[in-house]
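Subject: Structure handover

Dear colleague,

Here is the structure I promised to pass on to you. Please open it beside this message, and then read on for what was found in it.

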Amino acid sequence: MKRSDVNEIMAQADAFMKSFGVVLPPFAYWSPEQMKARRADIDHLIAGRMGWDITDYGQGDFDRLGLFLFTLRNGRLDDLKRGTGMCYAEKLLISKRDQISPMHRHNLKAEDIINRGGATLAVELFGSAPDGSFDETAGGTVLCDGIARAFAPGEVLTFAPGESVTLMPGDWHAFWGEGGDVLIGEVSTVNDDETDNWFRDPIGRFAAIDEDEAPMHLLVSDYATWL
């Protein structure tokens, strides 16, 4: 992805979120220089990969296959393993109309996916094979606003604003905006995007960036090199 496109997506996403009364925390608007100046204070932010996250899954077609995310808070895997402390995470996502977030599962993370506003959120679901791998014949059961709902293999469930689905480790899922763009909330156990995303197809989690202009704000995938 070109950095100029990333900068534009950030600006558009910020405006979309604000249209629903959602304002990001102050660090979201720091420049790269401000982040460098505060480097000694932001170890938790960097370790938790909190901040802007824009991906085309390495496929070069963001409008068709992509996702906007902003990680608001994220705990520690050590706490999750101990079962005490900061064992939770929270994100905001934007799925554009017909923009696929591809079929994947998590080994550790349980997550509530919540339609916070906009159009309809569509979620395609499969269960797992006994070893956790993708199984096109496997269905399962999820919680929709706390109510159990069985799904057939490949069934697409839809969620209006205010509705949600709880996905457990091993639930294979893909999602997109149906009829328009959707603001999504995600509340989960500790999030580890580097090791706990298992895709059905061989794709990458993060985008490669073509630095055609200076970054407006850093992506979480920039932290290792810029900070």
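A nonpolar core is a set of buried Ala, Val, Leu, Ile, Met, Phe, Trp, Tyr and Cys residues that are joined through side-chain atoms within 4.5 Å. Please keep in mind throughout that this is a predicted model.

With that term in hand, you can look at the largest nonpolar core, which has 30 residues. The residues with the most contacts inside this core are M17, L24, L45, W52, I54, F68 and F70. Several elements each supply at least two of the core's residues, namely the helices α1 (3-18) and α3 (43-47) together with the strands β1 (51-55), β2 (67-74) and β3 (88-95). Of these, α1 gives the most, with six residues.

Leaving aside residues up to four places away in sequence, I54 touches M1, V6, I9, M10, F62, L67, F68, A207 and L219.

The charged residues come next. Side chains of opposite charge can pair when their charged atoms come close. The structure holds 18 salt bridges, and three of them are described here.

In one of them, R205 pairs with D53, and the closest N and O atoms are 2.5 Å apart.

Another salt bridge joins R39 to D43, with 2.6 Å between the closest N and O atoms. Are these two residues buried, exposed or partly exposed? R39 counts as partly exposed because its relative accessibility is 30%, and D43 is likewise partly exposed because its value is 49%; the limits that matter here are under 20% for buried and over 50% for exposed.

In the third, the side chains of R200 and D201 meet at 3.8 Å, taken from N to O. R200 is partly exposed, at 38% relative accessibility, and D201 is also partly exposed, with a relative accessible area of 41%.

With best wishes

Terms used:
Residues numbered from 1 in each chain as written. Predicted model: local features only at pLDDT ≥ 70, side-chain atom pairs only at ≥ 80, totals over all residues. Heavy atoms only, no water. Buried < 20%, exposed > 50% of the residue type's maximum accessible area, 1.4 Å probe, protein only. Helix = DSSP H or I, 4+ residues; strand = E, 2+ residues; numbered from the N terminus. Contact = heavy atoms within 4.5 Å. Salt bridge = Lys/Arg side-chain N within 4 Å of Asp/Glu carboxyl O.
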